[in-house]
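Dear colleague,

Please find below the structure that I am handing over to you.

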Amino acid sequence: MKNTEIYIIGSGAIGKALAVFLKLENKQVKLIRGSIDNIPDTEKYITVIGKDYTFKEKIVTTTFSNLSSINGIVLITTKTFGNNKIARKLKNIGGDFAIVLLQNGLNIERSFKVFDKVYRCVLLSTSQVASENEVTFKTVSASPIGNLEGKNENLDDLIKQISTPNFEFREEANISKYVWNKVIANCVFNTVCPLLEIDNGIFHRSTNAKTLAEVIIEECVALSKIKGINLDKDEIIENLILISQKSDGQLISTYMDILNNRRTEIESLNLEIAKMADEMGQSELVKNTKLLGQLIQIKSNEIKIKT
């Protein structure tokens, strides 16, 4: 595959970090603002700060209204609740491109079912906004990418285009397992921490918090088995505690969204799990997972009303 154009939809922390890393590799990359249109292209320096490095590159940011077509690779890093709108815009613009969803949640790919080449990515990297054009970045290992239906033909070429020394990707034949593992962990972190108004480290510090996490994990694993996806409950719990230890003192994204009066992604996490269970006649199986999701929804709405 030749050096193709790469479009990153979403100018948040992950999108900005990835754009800088790709530009360092002399890739043709543009950031696309997914929620607004009719704004001229801009070029701004973006800085990425890692443990042992600081990189600064000039990145082009554009909007869908400035594009006549898209040809290449589209990486989507926005919040999942905007997927329907983004899918419509991509369909209207047209072109020849593959889509990679760098997002969390179950069934978030359904908005893009009209497209031929759609892949899920489970991010094993984190990035946070330090200032308007400065982000911090940390990676654990290469993030897996795969098609949920196992259609991974030519995926290795795509990965070569978007993988960089500091932000690596790899092909994964069984991406569904990784998606479920990440979603289940998020169902715990993104509900318990905001409801307790506490940082991610609570699960390794508190036996009671860990016990609650185990209840949610057991429910979700039981549902996944009915769906034909066999997961290791103990492995998920062990990984959750490890994440809790490594992110001790950090606030989870849903808690930050609530504090900043932003919409959360709880619909694609706990509430999507609950919806799936309802459709299967297994509502009682995930009753605690659903309850925590509903409480987050109420908490978020109440804060918006007060402000």
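Two strands count as paired if DSSP finds at least two bridges between them. With that in mind, please note that the model is a predicted one, and that E3 and E4 form a hairpin in it with four residues between them.

**The hairpin and the sheet**

Strand E3 covers residues 42–49 and strand E4 covers residues 54–63; the two run antiparallel and are joined by eight bridges. Within this pairing, Thr 42 has Thr 61 in E4 as its bridge partner, and Ile 46 has Glu 57 in E4. E3 is also joined to strand E9 (residues 134–139), here by three bridges and in the parallel sense. On that side, Thr 47 is partnered by Glu 134 in E9. As a general point, the strands of a sheet pair through backbone hydrogen bonds, either parallel or antiparallel.

These strands belong to an open sheet of eleven strands with mixed pairing, in the order E8-E9-E3-E4-E2-E1-E5-E6-E7-E10-E11. Strand E8 (125–131) and E11 stand at the edges; each has a single partner strand, so one side of each is left without a neighbour in the sheet. From one strand to the next, the twist averages 30°.

Two helices that pack on the sheet deserve mention. Helix H2 (residues 83–93) touches strand E1 (5–9), strand E5 (70–76) and strand E6 (95–101), and its direction makes about 175° with that of E5. Helix H4 touches strand E7 (118–121), strand E10 (143–146) and E11, and the direction of H4 makes about 130° with that of E10.

**Strand E10**

Which residues cover the two faces of E10? Ser 143 and Ile 145 lie on one side, Pro 144 and Gly 146 on the other, and all of them are buried. E10 pairs with E7 in the antiparallel sense over two bridges, and Cys 121 stands opposite Ile 145 in E10. With E11, E10 pairs in the parallel sense over three bridges; there, Ser 143 stands opposite Phe 169 in E11.

**Helices H4 and H6**

Helix H4 (residues 175–196) also meets helix H6 (residues 207–226): their axes come within 10 Å and cross at roughly 145°. The crossing of H4 past H6 is right-handed. From H4, the contact involves Trp 180, Ile 184, Cys 187, Val 188 and Val 192; from H6, it involves Leu 212, Ala 213, Ile 216, Ile 217, Cys 220, Val 221, Leu 223 and Ser 224. By class, the contact has twelve nonpolar residues, one polar residue and no charged residues.

Pro 194 lies in helix H4 as well. Is Pro 194 buried or exposed? Its relative accessible area is 0%, and buried means under 20%, so Pro 194 is buried. Leaving aside residues up to four places away in sequence, Pro 194 touches Phe 189, Ile 252, Thr 254, Tyr 255, Ile 258, Ile 296 and Lys 299. Pro 194 and Asp 257 are 63 residues apart in sequence, and their C-alpha atoms are 9.6 Å apart in space.

**Aromatic pairs**

Ten aromatic pairs were found in a search of the whole structure. In one of them, the ring centres of Phe 21 and Phe 167 are 6.4 Å apart and the planes stand at 75°, so the pair is edge-to-face. This pair links distant parts of the chain, with Phe 21 in helix H1 (residues 13–24) and Phe 167 in the loop between helix H3 (155–162) and strand E11 (169–171), 146 residues apart. Phe 21 and Phe 167 are both buried.

Phe 112 and Phe 115 form a tilted pair, with 6.3 Å from centre to centre and 45° between the planes. Both Phe 112 and Phe 115 are likewise buried.

Finally, ring pairs link Phe 21, Tyr 53, Phe 55, Phe 137, Phe 167 and Phe 169 into a cluster. Of its members, Phe 169 is the residue in E11 that stands opposite Ser 143, and Phe 21 and Phe 167 are the edge-to-face pair described above.

With kind regards

Definitions and conventions
Residues numbered from 1 in each chain as written. Predicted model: local features only at pLDDT ≥ 70, side-chain atom pairs only at ≥ 80, totals over all residues. Heavy atoms only, no water. Axes fitted to C-alpha atoms, helices over the stretch in contact; angles between N-to-C directions. Left-handed = near helix turned anticlockwise from the far one by under 90°. Contact = heavy atoms within 4.5 Å. Nonpolar A, V, L, I, M, F, W, Y, C, P; charged D, E, K, R; others polar. Phe/Tyr/Trp six-rings, centres within 6.5 Å; stacked < 30°, edge-to-face > 60°. Buried < 20%, exposed > 50% of the residue type's maximum accessible area, 1.4 Å probe, protein only.
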